[in-house]
Protein chains: 2
Amino acid sequence: MEVPRLRRAGRPAPTESLPEAAPADPSERRIGGEIRTLRKARGYTLAVLAEKCGVSVGYLSLIERDMSTPSINTLHAISRALGVTISWFFDAGEVPAEERDLVVRRNRRRRLDYSAGIVDELLSPSLAGQLELLASRFPPGSSSGDAPYSHTGEEAGVVLRGSLELWIDGKIFLLEAGDSFGFPSHLPHRYRNPGNEEAEVIWAITPPSY
Amino acid sequence: MEVPRLRRAGRPAPTESLPEAAPADPSERRIGGEIRTLRKARGYTLAVLAEKCGVSVGYLSLIERDMSTPSINTLHAISRALGVTISWFFDAGEVPAEERDLVVRRNRRRRLDYSAGIVDELLSPSLAGQLELLASRFPPGSSSGDAPYSHTGEEAGVVLRGSLELWIDGKIFLLEAGDSFGFPSHLPHRYRNPGNEEAEVIWAITPPSY
DNA sequence: CTACTATTTTTGTCAAGCTAAAAAAATGCG
DNA sequence: CGCATTTTTTTAGCTTGACAAAAATAGTAG
């Protein structure tokens with residue numbers, strides 16, 4: 001990236017950034033890996049995601065291994081199918097190298113939006129590892145839906161503010177700020193914000209899932 | 001964007017997002033306009049930017065009018081030449097429609113990075129209008145450089161914290177928190193943070209420039 | 001009004017975006 | 001452990017969109 005001199009008070013820097021033949025910044029190589037990470041966190045096979053995106057299985061495989069670069073329209077389709085914005089694929093490249101995969105600054109949290117206004121911000125540097133840490137916000141009345149779900153792994157969390165009603169395998173718990181929980185994720189579970197103000201929860205999950 | 005049901009506690013939504021033939025979200029049409037806006041704020045002609053990007057003049061014109069869609073690599077080159085990250089081109093599409101072009105949330109400020117660690121965050125919704133409002137942060141010792149610059153228009157600002165040494169047409173002013181300034185931009189000007197802590201300035205400029 | 005600059009339009013090439021099918025690898029179950 | 005099934009990778013091939021170069025048009029300044 002050309003770092004411009006400030007135009008407001010300085011003559012623009014002489015053009016140093018002559019068109020480089022190609023050696024794209026390595027961080028630009030991470031689209032494929034990001035796609036695969038999200039796909040696996042979602043639990044999709046290549047075939048499922050390919051169908052959601054409207055591309056072929058083989059092509060998606062090539063994309064994930066950075067052997068093909070999708071068009072912007074195709075990348076939009078992929079991002080939609082994975083439930084993220086297209087910027088997600090480029091965000092990792094904007095983190096300073098010494099902090100990459102280690103630290104997440106407040107203004108660089110990656111964001112996942114769900115139905116009912118539920119928002120997750122990723123506190124762990126990546127979904128690619130084994131541990132996912134989220135800051136989840138639940139508007140009043142929002143819920144995960146009627147159908148409980150179970151999957152492999154484990155999760156735990158603590159309510160920072162507001163209240164959260166947690167249903168685990170037939171038992172209901174009302175959690176307030178300061179309360180916390182943990183359970184193996186194969187137990188059917190669902191949740192809801194029963195209050196009239198936003199709830200915020202720090203949530204940990206292994207393996208990553210969203 | 002497919003808005004996923006929460007996987008942590010709900011069975012994934014049945015696939016409703018069958019591959020749409022094409023009608024891309026209108027917000028995805030804004031790459032070209034964003035490029036043209038930045039190019040003009042930078043004061044570049046098509047020919048200058050095309051040379052910086054390594055593409056032809058005609059092709060850049062088609063891109064700016066959304067009559068062609070660049071490859072991701074080309075878009076990266078364009079973003080570098082304009083001194084922004086590629087996410088800039090997609091950021092506008094992520095703003096809720098009722099707030100678009102009106103409100104900038106703190107977590108959605110668009111960011112411009114300059115040499116010497118100077119950072120601008122765009123407080124106005126866009127550079128496309130007539131008025132640009134910025135939150136500028138200057139690390140200790142950073143400056144706009146030795147060469148003063150002048151351009152058309154006018155600018156003004158107020159120091160929120162730290163100190164800023166402002167040089168305008170041969171006169172030097174040391175500004176502290178609470179101090180403010182304003183001048184027609186055709187006067188040669190430059191600035192520097194002389195202190196040992198970060199300075200922050202709210203800066204307004206017309207017409208937009210960076 | 002004219003000369004020059006900036007932008008748009010047009011024509012054309014070709015390789016990259018992408019498919020479908022086959023091959024290989026991985027996984028799960030008995 | 002062997003086998004059937006699923007998942008992923010590889011391969012061969014099509015086509016159209018990414019992109020260049022040049023000509024035409026529009027805009028600007030003196």
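This is a predicted model: local features need pLDDT of at least 70, side-chain atom pairs count only at pLDDT 80 or more; totals for chains, interfaces and linings use all residues.
Local features need pLDDT of at least 70, side-chain atom pairs count only at pLDDT 80 or more, and totals for chains, interfaces and linings use all residues. Residues are numbered from 1 along each chain as its sequence is written, while chains are lettered from A and ligands numbered from 1 in the order in which they are written.

Start with a helix pair in chain A. Helices (H or I, at least four residues) and strands (E, at least two) are DSSP runs, numbered from the N terminus. Helix 2 of chain A covers residues 46-53, and helix 3 of chain A covers residues 57-64. Their axes come within 9 Å and cross at roughly 105 degrees. Axes here are lines fitted to C-alpha atoms, for helices over the stretch in contact, with angles from 0 to 180 degrees between N-to-C directions.

Which residues of the two helices meet? Helix 2 of chain A brings A:Leu46, A:Ala47, A:Leu49, A:Ala50 and A:Cys53. Helix 3 of chain A answers with A:Val57, A:Leu60 and A:Ser61. Contact requires C-beta atoms, placed from the backbone, within 7 Å. By class, the contact has seven nonpolar residues, one polar and no charged. Ala, Val, Leu, Ile, Met, Phe, Trp, Tyr, Cys and Pro count as nonpolar, Asp, Glu, Lys and Arg as charged, and the others, Gly among them, as polar.

A residue is near a strand of it if its C-beta atom, placed from the backbone, lies within 6 Å. DNA strand C has 21 residues around it; A:Ser56, A:Gly58, A:Tyr59, B:Leu46 and B:Gly58 come nearest. Two or more residues each come from helix 3 and helix 4 (72-82) of chain A and from helix 2 (46-53) and helix 3 (57-64) of chain B. Helix 3 of chain B has the largest share, five residues. The surface near DNA strand C holds eight nonpolar, eleven polar and two charged residues.

DNA strand D is surrounded by 20 residues, the closest being A:Thr45, A:Leu46, A:Gly58, B:Ser56 and B:Gly58. Here helix 3 of chain A gives the most, with five residues. The classes are eight nonpolar, ten polar and two charged.

Chain A also has an open sheet of three strands, ordered 6-5-8 with antiparallel pairing. Strand 6 (171-175) and strand 8 (189-192) of chain A stand at the edges with a single partner strand each, so one side of each has no neighbour in the sheet. The twist averages 20 degrees from one strand to the next. Strand 5 (residues 164-168) of chain A pairs with strand 8 of chain A over four bridges; pairing needs at least two DSSP bridges. A:Glu165 has A:Arg192 as its bridge partner.

Some backbone details remain. The peptide bond joining A:Thr206 and A:Pro207 is cis, with omega about -10 degrees. The bond from B:Thr206 to B:Pro207 is cis, with omega near -10 degrees. B:Ala116 is not a glycine, yet has a positive phi of about 70 degrees. B:Ala116 counts as partly exposed because it has 16 C-beta neighbours inside 10 Å. The cut-offs, for C-beta atoms placed from the backbone, are 20 or more others within 10 Å for buried, 12 or fewer for exposed, and in between for partly exposed.
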